[in-house]
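Work through the exercises below with the sequence and the structure open. Try each task before reading its solution.

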Amino acid sequence: MAHLTRRTADLLKPFSVALSSMRLLTTTSTTPITVETSLPFTGHKIDPPSRSVETTPQELMTFFRDMALMRRMEIAADSLYKAKLIRGFCHLYDGQEAVAVGMEAAITKKDCIITAYRDHCIFLGRGGTLLECFSELMGRKDGCSKGKGGSMHFYKKDSGFYGGHGIVGAQIPLGCGLAFAQKYSKDENVTFALYGDGAANQGQLFEALNMAALWDLPAILVCENNHYGMGTAEWRAAKSPAYYKRGDYVPGLKVDGMDVFAVKQACKFSKEHALKNGPIILEMDTYRYHGHSMSDPGSTYRTRDEISGVRQERDPIERIRKLVLSHDVATEKELKDIEKEVRKNVDEAIAQAKESPMPEPSELFTNVYVKGYGVESFGADRKELRAVLP
């Protein structure tokens, strides 16, 4: 019974904390290790950072655990969608985990992140729990948005995560607004506004970027270039697919988004730049293994050989596995044990999320207007409505 209580408590913790309660590995040292990014950075109107990145055995293991958990969560979401326990739109992040994990390693929870609808792993990285994730995906009360947002509208304001947005590109001006608030408050933090290559031609991006540059806002625009906007290859949608150069007068950096250390280095570099000089664009060269959404098989506009080739050559988790083994940080068996523990954590979170109740019907009328206004249900049976308008 005590074991069950401890397991349930783990599901309510942020995932990195929950996993740290596992059996200690043979190496937990903080002795520095220097690694080199897989590819050099390419700069636009800026000198790129060094390829040498300092890490520790502890950070290597954290990266492995975190990305393995994100991968397992998304694979489980695929199964839940096919079982019709997740309804509506659902966009999975497997393959792109290095962006979420590397970014978190370079910043604090006082920095803000805002993204589009491929948001599950970003939420998890910001300190969200598996229970909140799966409950929200299944439209349950224990979800991070009380079951009312679903896959595309995860949110965690207390950790600086402002969603989860369904309208293509709409989060970018909102992100610049967050950066404006940070500069106005003089709090020395930055905002990362993430968008895909499919949103990179949106007019609102360039309008917001122009204002951010005029006012030297601490805004970092991150193009997660997974090379397909829905089913359209980047070269068919953009005359210039060098997205890091698209800011023209704003500096940019091209980053290997499948290398967690390259992402970490680029985000650290960009934060320092943005606080002193204003906005910068990061293009993360990454790849999604699933289709655009669960309604897209992902194989009609690209070959299976292309997908398997990326898995074999560039997979972010396998890159970390090789580093861990080559530096004798852990054994193959210990890494397999972590993956088993991750699977167990995910399965237990799903079981608990299934027990979470659906939101009350009266919740339809909440969170629509500011407090004190709008329509609310009342009465003994909650069937009477009362409207208060400004």
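A nonpolar core is a set of buried Ala, Val, Leu, Ile, Met, Phe, Trp, Tyr and Cys residues joined through side-chain atoms within 4.5 Å. Buried means under 20% relative accessible area, exposed over 50%, and partly exposed in between (1.4 Å probe, protein chains only). The model is predicted: local features need pLDDT of at least 70, side-chain atom pairs count only at pLDDT 80 or more, and totals for chains, interfaces and linings use all residues. Residues are numbered from 1 along each chain as its sequence is written, and side-chain values use heavy atoms, with hydrogens and water left out.

**Exercise 1.** Find which residues touch the most other members of the largest nonpolar core.

Solution. Step one: the core has 73 residues, and those that touch the most other members are Phe 134, Phe 192, Val 255, Leu 282 and Ile 320. Step two: helix α3 (residues 57-82) gives the most to this core, 12 residues. Helices (H or I, at least four residues) and strands (E, at least two) are DSSP runs, numbered from the N terminus. Step three: take Ile 320 and leave aside its neighbours within four places in sequence; Ile 320 is then in contact (heavy atoms within 4.5 Å) with Leu 60, Phe 63, Phe 64, Met 67, Val 260 and Phe 261. As background, nonpolar side chains in soluble globular proteins tend to be buried together.

**Exercise 2.** Decide where Lys 271 and Asp 111 lie, and whether each is buried or exposed.

Solution. Step one: their side chains meet in a salt bridge at 2.8 Å, N to O. A salt bridge is a side-chain nitrogen of Lys or Arg within 4 Å of a carboxyl oxygen of Asp or Glu. Step two: Lys 271 is in helix α10 (residues 260-277) and Asp 111 in the loop between α4 (97-106) and β4 (112-114), so the pair, 160 residues apart, links distant parts of the chain. Step three: Lys 271 counts as buried because its relative accessibility is 15%, and Asp 111 counts as buried at 0%.
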